[in-house]
Amino acid sequence: MAIRERLSGNEAVSYAIKQVNPDVMPAFPITPSTEIPQYVANYIANGEMDTDFIPVESEHSSMSATIGASAAGARALTATSSCGLALMWEELYVAASNRLPLALCLVNRALSGPININCDHSDSMGARDTGFIQIYAENNQEVYDNFIQAYRISEHRDVRLPIMICQDGFITSHAVENIELLEDEKVKEFVGEYEPENYLLNADQPMALGPYAVSNYYMETKMAQNTAMNHAKKVILDVGREYGGVSGRSYGFFEEYRLEDADYALVIIGSAAGTAKDAVDALREQGVRAGLLKLRVFRPFPDEEIAKALSGCKVVAIMDRSESFRGKGGPLGAEVKAALYDHAKQVRAYNLIYGLGGRDFTVNEAEQIYKDLEAYDKAGKQFEEYRYVGLRG
Amino acid sequence: MKNTVEIRWHGRGGQGAKSAALMLADAAFMTGKHVQGFPEYGPERMGAPITAYNRISESPIRVHSNIYDPDYVVVVDETLLESVDVTAGLKTEGAIVINTTKSVEEVRPFLKGYSGGIYTIDAREISEKCLGRYFPNSPMLAAIVAISKVMTKEDFFREMEGSYKHKFAKKPEVIEGNLKALHMAYEEVE
């Protein structure tokens, strides 16, 4: 029987961490992820879990210590947000290239400047090429479910890559909502024990980790990382399906909401997807065939699958919650458009920037975007291929 | 969204408006509802205007935006009336409740012609009488439950007693005062 609870997103992921009970958690506090190490430290102090918690002096150190713990053979994790992730930057590449299956609980928010503590996806989108698997959540339930699946994906022998479990800062992290939790035993059974194959504390098999790789070796390492990322696709689907058997909630690369017969669709990540679903329902009542693709897995990027899911649509709006400053849109827009170019050229796609620095995204705004897509389709009305929505009037 | 009650809280940092919104979400959750309780974060500092929100529904809540057309508004600090448009979008079938020593007629000029229900309550007096200190959030919480009827009186007091016992497990001496403040505020606006 599922446990009916109400938790904030930070509480939810902390509860999942408690149930998984990893070996080591080094962390440095930063708004709005501070509550995660705080809750975990409480659980440890209360004797509810026995993870070794290491308070460190910066995020560069927290990722370094997480890397050290993972290399030693421990199941390790850390949590951060925004500038904290930015300070980890060089270490993120070290974690991925050394094929360490550690977890990072990220609470997405804007990067400075101007100084802003609120939600957008600039932090994780900036880290999209570091070699981390990236999984996003719409709400507290999904971030809880995603963390429970995290190590099953990252530690899989075909993968062995670090994983980033993302949720929207404040909108999800600080909002208390209903949630269904699994029993501790079910979580433990699903996640299982970590049995590393190659690790530094294995005296029988001495090894070097993170050595200098001359040009003769570096490129093959990158190729191997990319191969592992491709393997992660099957593992993510297998784990998501198996989790469905345990929890009643199955997960894939993305959720298709009323997309099957949709003429107009939004492609969107995170908490705004829930808001857009209310718009979809309202428009369907008015006879507009609106649908939605909520992307859950951004790395590896399921390009062919996304293109297939959108192939029946006339016009789609790709919603980016971060700017890439290429002058033509954001990272999600670029990647979805590339996918459509390769696999579904007939679909017209626009790239909209929304919600930067916590700018609110409402049901009305979502409805207006669908109406714009319809107007373009029916009247041949031209839009700018790329524009901002929700700017002050 | 049709069966969802939306509540907006206006307060100042440090007054407990966010905590009150979370307590309301908690109590409503315990009565079997789907809930949201969340703050809107600006520059975090004592005394700065803050907003917090509640959605309470019979069915799962998906929307993740702030609330622009609330059914109810709670004003925890009356000095906000001069600087914040507290009735913005407030539905006329709904109501606003303000923590003030003033009468309804005295606050009406600040409410931009709002024609729905207007309630005033002196949460300072209640709080100081029951707790010996100024914590306006408990009286304001009771007032909005009495006005909005998002749960029955019996459910509310039962859940709040449980909640205070848990919250103040290490300070049991304040439980009785808080419950007294809730009752006094509830009855004043009932």
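**Entry 1: domains of chain A**

Which stretches of chain A make up domain 1 and domain 2? I looked it up: domain 1 of chain A is 3–191 + 212–247, and domain 2 is 254–388. These bounds come from an automatic or database domain assignment. Before going on, I noted that this is a predicted model, where local features need pLDDT of at least 70, side-chain atom pairs count only at pLDDT 80 or more, and totals for chains, interfaces and linings use all residues. Residues are numbered from 1 along each chain as its sequence is written, while chains are lettered from A and ligands numbered from 1 in the order in which they are written.

Next I checked how the two domains of chain A sit. Their centres, taken over C-alpha atoms, are 27 Å apart. In the contact I found 26 residues from domain 1 of chain A and 20 residues from domain 2 of chain A. For the record, two residues are in contact if their C-beta atoms, placed from the backbone, lie within 7 Å.

On the domain 1 side, helix H6 (122–126), strand E6 (133–136) and helix H9 (215–247) of chain A give two or more residues each. Helices (H or I, at least four residues) and strands (E, at least two) are DSSP runs, numbered from the N terminus. H9(A) gives the most to that side, with five residues. I sorted the residues of the domain 1 side by class and got 13 nonpolar, eight polar and five charged. Here Ala, Val, Leu, Ile, Met, Phe, Trp, Tyr, Cys and Pro count as nonpolar, Asp, Glu, Lys and Arg as charged, and the others, Gly among them, as polar.

**Entry 2: a sheet with strands of both chains**

I traced an open sheet of eight strands with mixed pairing, in the order E1(A)-E8(A)-E2(B)-E3(B)-E1(B)-E4(B)-E5(B)-E6(B). Two strands pair if DSSP finds at least two bridges between them. Which strands are at the edges? They are E1 (3–7) of chain A and E6 (117–121) of chain B, each pairing on one side only. On average, neighbouring strands of this sheet are turned by 20 degrees against each other, direction ignored.

Where the chains join in the sheet, E8(A) and E2(B) pair in the antiparallel sense over two bridges. I spotted Glu177(A), whose bridge partner in E2(B) is Gln36(B). Within chain B, E1 (residues 4–12) and E4 (residues 72–75) pair in the parallel sense over four bridges. His10(B) has Val75(B) as its bridge partner in E4(B).

Helix H7 (residues 140–154) of chain A packs on the sheet, touching E1 and E8 (176–181) of chain A.

**Entry 3: chain B against chain A**

I looked at the contact of the chains: 18 residues come from chain B and 20 residues from chain A. On the chain B side, H1 and E2 give two or more residues, and E2(B) gives the most, with six residues. That side has 10 nonpolar, six polar and two charged residues.

**Entry 4: two helices of chain B**

How do the axes of H1(B) and H4 (residues 137–148) of chain B cross? They come within 9 Å and cross at roughly 45 degrees. Axes are lines fitted to C-alpha atoms, for helices over the stretch in contact, and angles run from 0 to 180 degrees between N-to-C directions. H1(B) and H4(B) are therefore oblique to each other (under 35 degrees counts as roughly parallel, over 145 as roughly antiparallel, 65 to 115 as roughly perpendicular, the rest as oblique). The residues in this contact include Met23(B) of H1(B) and Leu141(B) of H4(B). By class I got six nonpolar, two polar and no charged residues for H1(B) with H4(B).
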